[in-house]
Amino acid sequence: MTATATTPTNTPNQWPAFVAVYRLLLRSVATPGRLIAIGALAAVSIFTAVVVHISNPYDSLGAATGYANANLSTLVPVAVLVFGAATLGDLADDGSLVYLWLRPVPARVHVLAAWAATVTICIPIVGAPVILATALIEPDSSLLAGTVVGGLVAISAYSALFVMGGIRFRRALPWGLVYILIWEGFVASAGQTAAKLAIRSYIRSILAEYTGQSIKLAEFTLASGILVPLGVTVVALAYASRRLARTDIA
Amino acid sequence: MTTTLGIAAHTTPIVEVNGVSKWFGDVVSVSDVSFSLGVGVTALLGPNGAGKSTLLRMLCGLTPPDQGTIRVLGADPRTDLPVRGRIGIVPQQEAVFEAFDAFSFVRLAAILNGVSDPDLVARQALATVELDPADRRKITAYSKGMRQRVKVAQALVNDPVLLVLDEPLTGLDPRQRGHMIELFARLGAQGRCVLVSSHVLDEVERFGSRVLVVAQGRLAATGDFRAIRNLMDDRPHQIRVRTDKPRDLAAALLEKGGVLGVRIEAAGPGRPASVVVDTTEAPRFRRTVAVLARDVNATLWEVTPLDDDLESVFRYLVQP
């Protein structure tokens, strides 16, 4: 085995690299602690739905729509934050990111793998329980369709946003909580202009469009409700790739 | 002051560093450093905080220089992806992918480098560092030395042209250190550029004689450390001469030998008396000492330089 000092000209096939990084990040980020914590939150959501169902509300579709909206606005982003920010953020913090970065692999491969790993974990651990909880209160088909579509769009957009946050900020978890609780939960609830800058406004619009229920600040069409968060996904992943390619690696 | 000597066996530089500086806020970490490296092993030396790790990170493209250029195989390692595939690094930090066993970790490195048979290459790399590819324990269960060897193994999977090792001997037992030093020398002899940062000078000396010395962010010297020592005219050489007539020889040296001073060391158990000489003209001294010994009818048993080892050179270079 003798090294040859010629200038290399090409990069290897990226698909095996994507699969390998995806598997790595899936295993790294799904720690027992995180799974138990988020699983417990999801269990509480289901338990609460059972209680609401037993209380037999007068307007069960309205109650179920409101409950789905609350879950998609808080439980989903918090769960996605916990996993998404950790995918590449943990590796950047402990210094092991160098083992991914110093390879002939474009940064977008790592970022897409992180996003895919986050989505893969969050769909069963938080998406499915939210749909189940909604169905327990009111098994209306339009509500369930809205919850499924809204859930998938929310997980996609928040995953991209928080994977980006994990690369951009050293303490992405508190920053993410500030975004979810202060910006989306408080500032963006104050008016329509600010609401345009909150993912939850688009998700609740999807729910409102599917169910025909009135939800505060759900002002967007179904197409906007789906396309804008997906656009945010693309932009956030593109920015994260650019940022990762230019970041200082410890 | 930068002392630059010709480095043997360098034809086409693999690494070219030109006027590189890097600062963090107000702190200058690396200041106007230039050098080139070809094949073979080079030791990067410097006290803590001298800028060694920053320099190594810049060589691998992990952080960009604020000024100057770095080229590996003629390309910028910061932006050129194919060049990254020709670099292997053993970073200083201990963190590895905790969910993995050694084989999976090294195999991942092989996949990311586009190796055609990652399983085979991972097994070979682990065997090279004397680790068992069938060991399925997580890396977190390994000793520090075993982890260090895993890190070396992952750096070998892409058959790198430039191998950068930041304190690779940390945590290894003496036998493993010897094995690693032999491995690095072999990799250098195979046509790679191997750059090893270490603070254990007596071990660095075993890598070979080529050094880069960094002090306070500046390149203090580059080349063969013995040749560097010979250029340090402001630092007298110390040479011990073992003889049967130390007093006669000392008197003759003071009179005709071009020395700054002599000291007679008394004989000890199994050790004859000797003369320790300070001189700024070591070559002249070596020529004249035998003649003077003959003149005073003394027998020379040994003439040994005391301070042209790497540690002395390093001390002279980094101390103000």
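Predicted model: local features only at pLDDT ≥ 70, side-chain atom pairs only at ≥ 80, totals over all residues.

Me: How do you know that the radius of gyration of chain A agrees with that of a compact globule?

Reply: The radius is taken over C-alpha atoms, and the globule rule is 2.2 Å times the number of residues to the power 0.38. For 250 residues the rule gives a value near 18 Å; chain A has 20 Å, and therefore the two agree. The C-alpha atoms of chain A fill a box of roughly 80 × 40 × 30 Å along the principal axes.

Me: What makes up the secondary structure of chain A, and what does chain B contain?

Reply: Elements are DSSP runs numbered from the N terminus: helices are H or I with at least four residues, strands are E with at least two. On that basis chain A has 10 helices and 0 strands, whereas chain B has 11 helices and 14 strands.

Me: What makes a residue count as buried, and what share of each chain does so?

Reply: A buried residue has 20 or more other C-beta atoms, placed from the backbone, within 10 Å of its own C-beta. Buried residues are 49% of the 250 in chain A and 46% of the 320 in chain B.

Me: Which residues of chain B are said to touch Val164(B)?

Reply: Contact requires C-beta atoms, placed from the backbone, within 7 Å. Beyond its neighbours within four places in sequence, Val164(B) has such contacts with Leu56(B), Leu59(B), Cys60(B), Ile87(B), Ile89(B) and Leu195(B). Between the chains, the contact involves 35 residues of chain B and 31 residues of chain A. Elements giving two or more residues to the chain B side are α2 (81–84), β6 (87–90) and α3 (102–112).

Me: Why is a group of residues called a nonpolar core?

Reply: The name applies because its members are buried Ala, Val, Leu, Ile, Met, Phe, Trp, Tyr and Cys residues joined through C-beta atoms within 7 Å. The largest such core has 163 residues, and Val76(A), Val163(A), Val106(B) and Val164(B) have the most contacts inside it. Another core, apart from it, has 15 residues, including Val241(B) and Val289(B).

Notes:
Residues numbered from 1 in each chain as written. Chains lettered and ligands numbered in written order. Contact = placed C-beta atoms within 7 Å. Buried ≥ 20, exposed ≤ 12 C-beta atoms within 10 Å, placed from the backbone.
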